[in-house]
Amino acid sequence: MWDRSSTVREGILVGCGNPLLDISASVPMDFLKKYEMNEDDAILAEERHMPIYRELVDGFQAEFLAGGSVQNSLRIAQWILGQPKVAVFFGCVGEDEYADILMEKARSAGLDVHYQIKKDVPTGTCAVLITGTHRSLCANLAAANNFTIDHLDQPHNKTLVENALYYYISGFFLTVNPPSIMQVAATALAKQRPFLMNLSAPFISQFYMAPLLAVMPYVDIIFGNEAEAHAFATAQGWPTEDLREIGKRLVALDKLNPARPRIAILTQGCDPVLLIQRDSVEEFPVTRLAVHEIVDTNGAGDAFVGGFLSQFVQGKSLDVCIRCGNYAAGHIIKNPGCTYTGEPQFVE
């Protein structure tokens, strides 16, 4: 499987996020109605949704996938790199069969996973309900919400963090354990190594702005889509809806290492990706897919970051990194969920 050559060493990239076991199955509309869900929903599970995961496993031909935003991005990076254990992943799981499946799926994708295990909490899961071309998501974060900083302080894990050369964390992790993010960010700063982060979702800027602003001075590269960027701007009271202007304001926020000016990379669906550096804005076109080629846009953002990271850790230029991000997102859109098929075909 791992026959492609690469110039990177093991453990060069560390990611922290919420590990979720995606449980995916085709279901009838009645199944959605039973759980009071709509097509293309993306919701957090409430008490009434809790039986959904076991029902998918017992009653349908369910497929399992190592999910969660950061874990998705790292899987895609591993696929493109073709070399195992380049990426190290930290997150929290339970002590149950779902954790075992999640571990197996993540490692088979090449990740070097070091989960924190909480015995009294179930592993986080996400039901992926397929109805025709629609995907409805129901996530139960469960154990993923229980990550604690002492896991990063364990000697072996601390060594893994300190030996990495690149760090990537999602905004979603701000809802779980900001001290862990700050510790990784401080390590990156002390060692003069790139710290990358994702705005992740509009609700992060709406409800978690304080921890987001606390970590922002450490962020060298910030990713986001147009909805996330607009949510950040609105929360900050910026008097503009122009994405380029928002990007310029993002890169101008206070930064602890001025020798490495912040970069913002903003995606706009099928419209060009924006690369904002200081006062310059570059556009990178996205290849438009025919309607019949689009299977599922879920996971496209995670895939973009994964493609970007696969080149960034090899020291490639930003334009190559972004073009690989666009390639990865385009590939994932042609597949169900955040999945890939065959060998990567990216050419610089």
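User: Hi! Quick one to start: is Arg244 buried, partly exposed or exposed?

Analyst: Hello! This is a predicted model, and in it Arg244 is partly exposed, with a relative accessible area of 31%.

User: Which residue does Arg244 form a salt bridge with?

Analyst: The partner is Glu283, and the closest N and O atoms of the two side chains are 2.1 Å apart. Arg244 belongs to helix 11 (residues 243-252) and Glu283 to strand 14 (residues 280-284), so the pair ties together parts that are 39 residues apart in sequence.

User: And how exposed is Glu283?

Analyst: Glu283 is partly exposed too, at a relative accessible area of 44%.

User: Nice. How many salt bridges does the structure hold?

Analyst: There are twelve salt bridges.

User: What does Arg288 pair with?

Analyst: Arg288 forms a salt bridge with Asp271, with 3.4 Å between the closest N and O atoms. That counts because the cut-off for a salt bridge is within 4 Å.

User: Where do Arg288 and Asp271 sit in the chain?

Analyst: Arg288 is in the loop between strand 14 and helix 12 (300-312), while Asp271 is in strand 13 (residues 271-277). The two residues are 17 apart, and the pair links distant parts of the chain.

User: Why does Arg288 count as exposed?

Analyst: Its relative accessible area is 58%, and exposed means over 50%. Asp271, at 33%, counts as partly exposed.

User: Let's move to Glu46. Which residue does Glu46 bridge to?

Analyst: Glu46 forms a salt bridge with Arg48, and their closest N and O atoms are 2.7 Å apart. Glu46 is partly exposed at 42% relative accessible area, and Arg48 is partly exposed at 39%.

User: Which residues are linked in a network with those two?

Analyst: Glu36 joins them: Glu36, Glu46 and Arg48 are linked in a network of salt bridges.

User: Changing topic, how many residues of helix 3 are buried?

Analyst: For helix 3 (residues 69-81), 13 of the 13 residues are buried, so the helix is largely enclosed by the rest of the structure.

User: What span should helix 3 have, and how far apart are its end C-alpha atoms?

Analyst: At 1.5 Å a residue, helix 3 should span 18 Å. Its end C-alpha atoms are 19 Å apart, which agrees with that expectation.

User: Last one: what follows helix 3?

Analyst: Gly82 does, and the phi of Gly82 is positive, near 70°.

Key. Residues are numbered from 1 along each chain as its sequence is written. This is a predicted model: local features need pLDDT of at least 70, side-chain atom pairs count only at pLDDT 80 or more; totals for chains, interfaces and linings use all residues. Side-chain values use heavy atoms; hydrogens and water are left out. Buried means under 20% relative accessible area, exposed over 50%, partly exposed in between (1.4 Å probe, protein chains only). Helices (H or I, at least four residues) and strands (E, at least two) are DSSP runs, numbered from the N terminus. The expected span of a helix is 1.5 Å times one less than its number of residues.
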